[in-house]
Amino acid sequence: MALSLLDGNETVALGAAAAGCKFFAGYPITPATSIFNAMLNLLPQKGGVCMQGEDEIASIGYCLGASMAGVKAMTATSGPGISLYSENISFAIGSEIPIVIVDVQRLGPSTGSATRGADGDIQFLRWGSSSGLPIIVLAPVDAADCYILTKQAFNLAEQFRCPVFIASNKEIALTKESIDLNLLEKPEIIERKLFSGKPDEEFMPFAVKKSADVPEFLPIGFKGRLARQTSSTHGAKGYITIDASEIEKNQNRLQHKIEACVDAFTYFEEVNTDAADTLIICYGITARAVKAAVNILKKDNISASALILKTLWPAPEKLIKQKTEKFNKIVVIEMNKGQYVKEIERILCDKKIKFFGQMNGVLIEPEQISEVIKNG
Amino acid sequence: MDSLINKKRPPLFCPGCSHEKAVNALDKAFYNIKLSGDNIVMVSDIGCSGLFDTFFNTHAFHGLHGRALTYAAGIKMANPKLNVIVTMGDGGLGIGGAHLLEACRRNLDITLLILNNFNFGMTGGQFSSTTPADAIVSSGFLNNLEKPFDVCQTAIAAGASFTTRCSAYISDLHKKIEAAIKHKGFSIVDIWGVCPGRYTKKNILTPKIIEEKLKKLPAVEGTVSENIRKEYTAHYKEITSALKPFNMVKEIKPEFKAPEAGKHSVMILGSAGQRIITAGEILCYAGLKAGLFTTFKSDYNITVLRGHSVSEAVLSDKKIIYTGSGAPSVILALNKEGITRKKAAFKTLNKDTLIITGKDTEIPATDAKIFRVDFKKLKIKSNERALASLVVMTKHNKIISYDMLTSALKEIFNQKIFNASLELTEKIQNSDIL
C-alpha cells in the first residue's frame with residue numbers, strides 16, 4: 001500500500017496526462033483553477049502546452065484549434081464558464097471536435113458561491129447549447145473516479161469526436177483524500193481513428209461509410225492532404241450544404257453515433273442490500289452520503305439498495321430500467337432542486353419516483369437521506 | 001508552384017466587392033513566398049470574410065463569430081510550423097476585441113487580415129466598431145453616437161509587432177500581405193474596402209476617398225520597432241524546455257501504528273497567517289504514515305491575508321465513505337475568527353471531544369473537554385500554535401503519535417523548514433504541559 005493525498009482536481013489532471021492530453025487552456029475560476037495549476041505542472045515540462053485564456057470563450061477556442069491540429073485537449077471551468085463555452089460546445093458537437101470539458105460545479109445561480117458545492121448544472125450540461133444534439137457527461141464520486149473517468153472521457157472524446165464532460169463538484173474537486181493510485185483501474189488509451197483511405201482516395205473530413213459512424217480524421221497541417229473544419233452546416237467534404245436530405249442524414253448520425261453506443265460506456269456502481277424494496281438513485285458526491293445512509297438504515301433494520309450512476313448523458317436507459325425492475329420504491333437524491341429526477345421519471349414512467357434535493361452549499365447528510373427513506 | 005485558388009470553388013462576392021482584391025493579393029503573396037497549401041491554414045471568421053477559407057486549396061478552419069484568433073492560437077501552439085492566416089471583418093473585430101488585444105500582447109506568429117468595409121455586410125449593413133459616425137447604416141442613429149476605432153493604433157498600444165493599413169485597391173497589396181506573413185510574430189493588415197451590397201448603397205465611398213481618409217491617419221508601416229520581441233511559440237519552448245519535471249504525487253508507505261482505532265475528525269480553527277491549512281495537511285500526512293485513510297477540506301476568506309482559516313480533516317482506519325466531518329474528536333481552537341466561523345459546532349459537543357486551545361483564547365460554552373495551553377509562556381508565536389497544538393494532541397494520544405507527526409513533517413518540508421519545525425515540536429514534546 002502507498003497512499004497519496006490528492007484532491008479531485010489533481011486526479012483529473014493526472015488522469016488527463018495519463019490519457020495523453022497534450023493541450024490545456026483555461027481561465028481562472030474557483031473551484032476549477034487548481035486543474036489549471038496542475039496542468040501547468042504536468043504538460044509544458046513534457047512538450048505539451050498549457051495556456052491561460054483571456055476569457056472562457058478563448059480558452060475553449062484554443063482547445064478546439066489544438067484538437068483539430070491533432071492533439072488531445074482539455075479545458076476546465078465552473079458553471080459561469082460553461083455558459084460562456086456554450087457556443088463553442090455546439091461547434092464541437094456539430095463539427096465533431098474531440099474535447100474534454102471539466103465542470104467543477106459550484107453553487108449557483110449566476111456568480112453564486114465560488115467555494116460552495118452543488119450539482120446544479122446537470123441538465124445545463126445536456127441542454128445548454130444550441131441544436132440539442134447529444135454530448136457525453138460522466139459524473140465522478142471521488143478522487144479515484146476523477147482519475148479513471150477523465151481517462152475514459154478522453155477515450156470517448158477521441159472515439160466519438162464530441163465534447164465529453166466531467167461533472168465534478170467543489171466537494172470532490174477541493175477535498176483532498178488518501179488514494180492509492182497504483183490500485184486504480186487503468187483503462188487502455190483509445191486514439192482518434194485516422195484516415196485510412198488509399199493514396200489516390202480523396203480525404204473528405206466528414207465522410208462516413210455507415211449511418212452511425214464517426215468520420216476518420218486528419219489533422220489540420222497534415223502533409224500531403226488538406227483538412228477542413230467548418231462550423232457551418234456541412235456535407236462530407238466540409239463545405240456548406242443546403243441539401244435537406246444530406247443535412248438530415250448528418251444530424252441523425254450526430255445523434256446516433258453517441259446514443260446508440262451508450263451501453264458501451266455506461267459506468268455505474270451498485271450497493272446491494274438483501275431484501276431491499278427501495279432503490280436510491282444518485283450520482284456524484286451525493287452518492288457517498290447515500291452509501292453512508294444505507295449503512296445507517298441497516299442498523300435500523302431497514303434495507304435499501306443504491307444505484308450510483310457515473311454516466312449521466314446520454315441517460316443509460318437500459319441500465320436504469322433493468323436495475324429498477326424489482327423495486328417498488330425509487331428515490332432520487334440530488335444536490336439540486338430536482339434535475340436528473342426528470343430523466344428518471346421519463347424513463348420509469350410507470351413507477352412512482354420520490355425525490356429529495358438540497359442546494360444550499362452544504363453536503364446532503366446521510367441522516368437526511370435515511371430519514372427520507374424511513375418516511376417512505 | 002501554381003496559384004492556391006480553389007478552381008472548383010472560385011471567389012464569389014457581390015459585383016464590385018473589394019474582398020476579391022484581397023483574395024487575389026493573398027494568393028499572389030502565397031505564390032511569391034512559395035508556400036504550398038499544406039503549409040497553410042486559413043482560419044476564417046463569420047460574415048463575408050468567413051468565405052475566404054473556401055476559395056483556397058489550403059487547410060481550413062471556419063469557426064464562430066469573433067473567435068477566429070482563438071482557434072488560430074490553438075492551432076499554432078499545437079503545430080508551430082504551420083503558416084496561420086486569419087481573415088476577419090470589422091464585425092469580428094468588435095465582438096472579438098479581447099482576442100485581438102490578447103493576440104497583440106502574445107505575439108504568436110499569426111497573420112491577421114482585416115477585411116474592413118465599415119459595416120456588417122452579411123446581416124444587413126449594421127454599424128461595426130469601424131463605422132464612421134456620420135455614415136448612414138441600418139442601425140438608425142446609433143452609430144452617430146459612437147467613435148470608430150483605429151485597429152492599428154489600438155493594436156500597437158496592445159503590443160502588436162507588425163501592423164499596416166491600406167486600401168484594397170492598391171496594386172501592391174500582395175506585398176503588404178507578404179511582408180506580414182514573413183514577419184515572425186503577430187502581424188495585422190487592415191485592408192479598407194467597399195461593400196457595394198450594403199454600405200455604398202447609402203454612403204459614398206470610392207477607392208479615391210479611401211486613399212484620402214487613410215492619408216489623414218497616423219502612418220503605420222509594418223514593423224513596430226518598440227514592440228519587436230521574441231515570437232511566442234519559440235519563447236514558450238525556450239522557457240518550458242528548461243523546466244524540471246514536477247512530481248505531483250507523493251506516495252507514502254505506512255511505517256507506524258496509529259494510537260487509536262476508528263474514524264476521527266479534527267477541526268483546526270484559526271485565522272489567516274496561522275498556518276492552519278498547513279497544519280491540516282501535516283495531520284493528514286501523519287495519518288498516511290500509519291496507513292490511515294484521510295480526507296481534508298479547508299475554508300478561508302477570499303482576502304487570504306485576513307479573516308478566518310479552517311481546516312477539517314478526517315482520519316480513519318477504514319475507507320472514508322462520507323466526507324462530511326460530523327462531531328469532531330478534536331478541535332484545535334486557535335483564534336476567534338475560526339472559532340466564530342464554526343461557532344454552531346460547539347453547542348452539540350460532549351466530553352468525547354477534546355478542545356485544545358490557548359490560555360488567552362475565548363471559546364463558546366461547550367460540554368467538551370477543554371485543554372488550555374499557555375502559548376505565551378512557552379514563547380510559541382501565533383503562527384506556531386497550530387503545529388504546537390498537533391504535538392499537544394499526540395501527548396493526549398489522540399489519533400496520531402509524535403513519530404507519525406515528525407515523520408509527516410519530514411515528508412512535507414525541505415530540510416531547513418523541517419529543522420525549524422522540529423525545534424518547535426521538541427519544545428512542546430519535552431515540556432511538562434500535561
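Predicted model: local features only at pLDDT ≥ 70, side-chain atom pairs only at ≥ 80, totals over all residues.
**Exercise 1. Domains of chain A**

Task: State which domains the assignment gives for chain A, and describe the side of domain 1 of chain A that touches domain 2 of chain A.

Solution. 
Step 1. The assignment divides chain A into domain 1, covering 1–265, and domain 2, covering 269–374; the centres of these domains, taken over C-alpha atoms, are separated by 28 Å.
Step 2. Domain 1 of chain A brings 30 residues to the contact, and domain 2 of chain A brings 22 residues.
Step 3. On the side of domain 1 of chain A, at least two residues each are supplied by α5 (122–127), β6 (136–138), α6 (143–160), β7 (163–169), α7 (170–173) and α8 (244–259) of chain A, and the largest share, four residues, belongs to α5(A).
Step 4. Sorted by class, this side of domain 1 of chain A holds 17 nonpolar, five polar and eight charged residues.

**Exercise 2. The contact between the chains**

Task: Determine how many residues of chain A and of chain B are in contact, and which helix of chain A gives the most to its side.

Solution. 
Step 1. Counting pairs whose C-beta atoms, placed from the backbone, lie within 7 Å, one finds 60 residues of chain A in contact with 51 residues of chain B.
Step 2. Helix α3 (residues 56–68) of chain A gives the most to the side of chain A that touches chain B, namely nine residues.
Step 3. The residues on that side of chain A comprise 33 nonpolar, 15 polar and 12 charged ones.
Step 4. Strands also pair across the two chains: strand β9 (residues 228–230) of chain A runs parallel to strand β2 (residues 59–62) of chain B, with three bridges between them, and A:Thr230 is found opposite B:His62 in β2(B).

**Exercise 3. A sheet with strands from both chains**

Task: Give the strand order of the open sheet of eight strands, and follow its pairings from one edge strand to the other.

Solution. 
Step 1. The order is β1(A)-β8(A)-β9(B)-β10(B)-β8(B)-β11(B)-β12(B)-β13(B), and the pairing is mixed.
Step 2. The edges are formed by β1 (4–7) of chain A and β13 (369–373) of chain B, each of which pairs on one side only; on average, direction ignored, neighbouring strands of the sheet are turned by 20 degrees against each other.

**Exercise 4. Extent and burial of chain B**

Task: Compare the radius of gyration of chain B with that of a compact globule of 434 residues, and examine how far helix α6 (residues 173–182) of chain B is covered.

Solution. 
Step 1. The radius of gyration of chain B is 34 Å, whereas a compact globule of 434 residues would have one near 22 Å; along the principal axes, the C-alpha atoms of chain B fill a box of roughly 95 × 50 × 40 Å.
Step 2. Chain B contains 15 helices and 13 strands, and 51% of its 434 residues count as buried. Among the contacts in chain B with a separation of 6 or more, 69% come from residues 24 or more positions apart.
Step 3. Within α6(B), seven of 10 residues are buried, and these are B:Leu173, B:His174, B:Lys176, B:Ile177, B:Glu178, B:Ala180 and B:Ile181.
Step 4. The cover over the buried residues of α6(B) includes α1 (19–33), β3 (83–89), β4 (110–116), β5 (162–167) and β6 (187–192) of chain B.

Technical notes. Residues numbered from 1 in each chain as written. Chains lettered and ligands numbered in written order. Contact = placed C-beta atoms within 7 Å. Nonpolar A, V, L, I, M, F, W, Y, C, P; charged D, E, K, R; others polar. Pairing = 2+ DSSP bridges. Domains from an automatic or database assignment. Axes fitted to C-alpha atoms, helices over the stretch in contact; angles between N-to-C directions. Rg over C-alpha atoms; globule rule 2.2 N^0.38 Å. Buried ≥ 20, exposed ≤ 12 C-beta atoms within 10 Å, placed from the backbone.
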